2 protein chains.
Amino acid sequence: MFTFIENGSITSVKGIKATGIHSGLKRKRKDLALIFSDEPCSVAGTFTLNKVKAAPLLVSQELINKGGKVKAILINSGNANACTGDRGYADALKSQKYCAKKLGINQDEVVISSTGVIGEYMPMHILKTGIETIVNQLTDDGGIKAAKAIMTTDLIEKNFAVNVKLSSGEITIGGIAKGSGMIMPNMATMLSFITTDAKIETNLLKKFLLKTVQNSFNKISVDGDTSTNDMVVLIANGMSGIEIKESSKDAELFLEALQAITIEMAKMIVVDGEGASKLVTVAITGCNTDEDANTIAKTICNSPLVKTAIYGSDANWGRILSAAGRSGVDLDPSRVEIKFDDMLILGKNYQHSFDEEEATSVLSKDEITISVNLNAGKGKSTWWTCDFTEKYIEINASYRT
Amino acid sequence: MFTFIENGSITSVKGIKATGIHSGLKRKRKDLALIFSDEPCSVAGTFTLNKVKAAPLLVSQELINKGGKVKAILINSGNANACTGDRGYADALKSQKYCAKKLGINQDEVVISSTGVIGEYMPMHILKTGIETIVNQLTDDGGIKAAKAIMTTDLIEKNFAVNVKLSSGEITIGGIAKGSGMIMPNMATMLSFITTDAKIETNLLKKFLLKTVQNSFNKISVDGDTSTNDMVVLIANGMSGIEIKESSKDAELFLEALQAITIEMAKMIVVDGEGASKLVTVAITGCNTDEDANTIAKTICNSPLVKTAIYGSDANWGRILSAAGRSGVDLDPSRVEIKFDDMLILGKNYQHSFDEEEATSVLSKDEITISVNLNAGKGKSTWWTCDFTEKYIEINASYRT
């Protein structure tokens with residue numbers, strides 16, 4: 001049993017402080033976030049599969065893989081510190097060390113993360129001054145400020161928290177995320193930081209994270225591009241006093257809640273995708289395998305022709321079927337059924353005698369579910385994407401300059 | 001030795017007549033093309049890999065696979081006759097039969113092809129009337145009219161012809177093509193019909209076609225989508241009296257000329273890609289294998305972030321490197337060099353001290369070459385793509401309705 005907390009964030013969790021400030025890496029908006037736990041946390045992370053990895057990502061990946069405990073996460077936006085070579089790597093270590101010093105903790109208790117422009121060296125004097133400022137501004141309700149500070153082209157901050165009732169009491173999970181462009185599975189340009197006051201040992205925490213990321217952040221697509229800096233980090237400080245053991249009923253409940261909060265964050269990333277005007281759930285069923293369903297869902301979610309048709313509220317089922325057809329999955333097109341919400345658009349044997357006006361009205365909504373049933377087996381997969389608008393082009397033709 | 005013929009087209013080839021008319025499948029523009037050879041032709045074809053295949057494509061694929069000779073190609077635009085089931089297949093056969101009857105030839109001498117909206121039955125009365133009209137309008141210089149009639153969202157017709165000097169005389173190759181959206185390798189939404197008066201036996205013709213398509217139509221991308229109807233058909237009527245034998249010097253010369261004309265058509269499809277404002281050549285070198293280079297080229301050509309940056313004339317090498325990094329190919333980013341035309345943008349170890357203004361001026365041109373050198377091996381591949389503009393969204397959000 002879990003319930004979403006109104007205006008909840010990472011700081012809804014016991015013993016978690018956070019904040020976000022403007023340090024000067026961006027012109028005006030907040031660009032530096034700090035998350036701090038009163039007690040040491042076990043930590044799990046998933047990282048971009050891009051072969052081009054940013055310096056802070058490499059530092060944090062190494063740190064987290066060691067399996068130790070951490071107390072802080074420092075995140076800056078505005079500069080990705082990616083493709084910056086040895087100097088970038090040294091800068092990343094320096095910022096980690098400086099943050100630790102100012103917090104009075106060990107260097108290996110600080111996870112670091114960056115997002116922003118690729119290929120520029122980090123202006124370390126700005127970052128250092130920012131660190132000096134931010135360590136003194138941590139508060140018990142600063143989660144939303146932190147969420148604002150990690151944004152790049154995002155329009156809205158992404159905060160969620162849930163209370164979870166377990167056998168021996170209540171624990172809380174909170175999360176912040178950023179997304180926008182370059183959103184594609186396998187940790188594709190997005191950051192998310194999740195906190196919990198449950199006590200969970202590192203290996204189990206890792207299992208929880210991998211499993212839930214697989215069905216949330218790894219099943220969204222804005223434009224098929226992936227980035228150099230993406231990571232999801234989950235920390236557990238145990239301050240609720242409640243421990244979750246593997247294969248217990250509580251573990252199931254925790255997983256369910258973690259899945260819910262990661263899905264909400266993933267969907268919100270899509271809703272706030274660059275230029276997006278609609279959230280589209282793509283539910284594929286009736287495939288021979290889940291893997292087939294996943295491949296089809298991914299192809300449909302990345303098809304510019306499908307995404308522009310949805311933007312135009314055009315019931316163009318041909319583009320959906322055609323995207324499924326080019327996914328590489330073997331299928332019999334004459335058996336495929338396509339629905340928009342509950343409305344049958346394409347029946348078996350290419351039947352499509354639907355009411356165009358009604359279909360347009362379904363497609364004009366802010367949230368639409370496209371269901372595709374191959375009628376071949378039991379494999380299924382659900383993804384989320386957004387429509388493709390002129391605004392996406394506008395944003396991305398001018399982002400860097 | 002070959003030379004492009006000014007205003008050349010399929011009808012520049014001896015014994016080839018063609019034309020294009022408005023039959024009524026589209027509101028105003030030409031929508032029906034016919035290509036006719038005075039003598040029977042050997043024929044080769046390549047077809048979409050989409051699992052959803054249009055009825056006329058299935059009919060023509062079967063016909064061409066039989067290896068017989070053909071005399072005519074009938075192509076309509078405005079209606080794809082795709083996802084139309086048994087009735088669509090029967091309609092395709094009927095149109096083939098009716099065209100053959102009106103031309104006074106056998107049904108299995110007529111290749112048929114369609115492009116346009118998916119999922120609508122072919123209005124057979126319109127098509128039949130169109131066939132009755134078109135068979136009487138074939139002319140020796142109607143290639144350009146035929147090229148116009150196969151267009152969908154294309155803005156310009158695509159015609160080319162080359163004279164090829166062989167050991168025993170001259171032969172001609174002519175071609176028309178259509179493209180626009182849904183352009184992705186492996187015969188992705190595009191049609192091309194190529195004629196030659198060389199005498200070439202079917203198996204050799206097939207080899208020539210496959211080889212040249214691989215390095216032309218299969219290396220272009222507009223939006224990563226592929227279609228149900230795409231095909232390239234090459235017919236050879238032998239009317240020059242000059243035969244080309246396998247492994248001869250003449251075979252090499254012919255292949256070279258065929259490659260040149262298919263590349264020109266492929267590039268023109270990209271230039272005329274939906275909303276495109278720039279032709280971008282993506283030349284990948286220094287990979288471990290050609291296959292690796294191909295994968296990287298394809299990923300860069302399909303990256304909306306790269307394509308929007310080019311549209312914005314933004315020297316955003318980070319997006320190019322990042323696209324290479326997510327292609328799945330193993331690479332050392334610190335060894336990668338990136339050039340825009342001859343201008344070094346990214347050197348080894350992430351050096352990028354280029355002049356931004358100069359880079360912007362290079363990127364502001366209509367034609368740009370992006371070269372990416374991995375400095376790892378000898379593998380290479382060249383692709384062509386276009387930039388991504390608001391116009392693409394506009395066209396595709398409203399195409400069907």
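Chain A is superposed on chain B by a rotation of 180° with 0.0 Å of shift along its axis, at an RMSD of 0.0 Å, and the two copies are thus related as by a two-fold rotation axis. In chain A, the C-alpha atom nearest that axis belongs to Glu390(A), at 2.3 Å from it. The model is a predicted one, and within it chain A carries eleven helices and 15 strands, with a domain assignment that gives domain 1 (2-271) and domain 2 (279-398).

**The contact between the chains**

- Chain A contributes 50 residues to the contact and chain B contributes 50 residues, and on the side of chain A that touches chain B, helix H8 (304-311), helix H9 (317-325) and helix H11 (390-398) of chain A each supply at least two residues.
- Sorted by class, the side of chain A that touches chain B holds 18 nonpolar, 23 polar and nine charged residues.
- Because 100% of the interface residues of chain A are also interface residues in chain B, the copies meet through the same surface.

**Overall form of chain A**

- Taken along the principal axes, the C-alpha atoms of chain A fill a box of roughly 70 × 55 × 35 Å.
- Of the 401 residues in chain A, 62% are buried, and among the contacts in chain A with a separation of 6 or more, 79% are made by residues 24 or more positions apart.

**The two domains of chain A**

- The centres of domain 1 of chain A and domain 2 of chain A, taken over C-alpha atoms, are separated by 32 Å.
- Twelve residues of domain 1 of chain A are in contact with eleven residues of domain 2 of chain A, and on the domain 1 side strand S9 (220-221) and helix H6 (249-271) of chain A each supply at least two residues.
- H6(A) gives the largest share of the side of domain 1 of chain A that touches domain 2 of chain A, namely four residues, and by class that side of domain 1 has six nonpolar, four polar and two charged residues.

- Strand S11 (residues 279-287) of chain A runs parallel to S14(A) and is joined to it by seven bridges, with Val280(A) standing opposite Ile368(A) in S14(A).
- In chain B, strand S11 (residues 279-287) and strand S14 (residues 367-373) run parallel and are joined by seven bridges, with Val280(B) opposite Ile368(B) in S14(B).
- S11(B) also pairs with strand S15 (residues 379-386) of chain B, here in the antiparallel sense and over seven bridges, and Val282(B) has Trp383(B) in S15(B) as its bridge partner.

**Enclosed elements**

- Nine of the nine residues of H9(A) are buried, so this helix is largely enclosed by the rest of the structure; the buried residues include Trp317(A), Arg319(A), Ile320(A) and Leu321(A).
- The cover over the buried residues of H9(A) includes helix H7 (290-301), H8, strand S12 (337-340), strand S13 (343-346) and strand S14 (367-373) of chain A.
- In chain B, seven of the eight residues of strand S5 (residues 110-117) are buried, so S5(B) is likewise largely enclosed by the rest of the structure.
- Strand S4 (residues 70-79) of chain B runs parallel to S5(B) and is joined to it by eight bridges, and the bridge partner of Leu74(B) in S5(B) is Ile112(B).

- Leu305(B) has its place in helix H8 (residues 304-311) of chain B, and it counts as buried because it has 26 C-beta neighbours inside 10 Å, where the cut-off for a buried residue is 20 or more.
- Leu305(B) and Ser322(B) lie 17 residues apart along the chain, and their C-alpha atoms are separated by 9.9 Å.

How values were computed:
Residues numbered from 1 in each chain as written. Chains lettered and ligands numbered in written order. Predicted model: local features only at pLDDT ≥ 70, side-chain atom pairs only at ≥ 80, totals over all residues. Contact = placed C-beta atoms within 7 Å. Nonpolar A, V, L, I, M, F, W, Y, C, P; charged D, E, K, R; others polar. Buried ≥ 20, exposed ≤ 12 C-beta atoms within 10 Å, placed from the backbone. Domains from an automatic or database assignment. Least-squares fit on C-alpha atoms with pLDDT ≥ 70 in both. Pairing = 2+ DSSP bridges.
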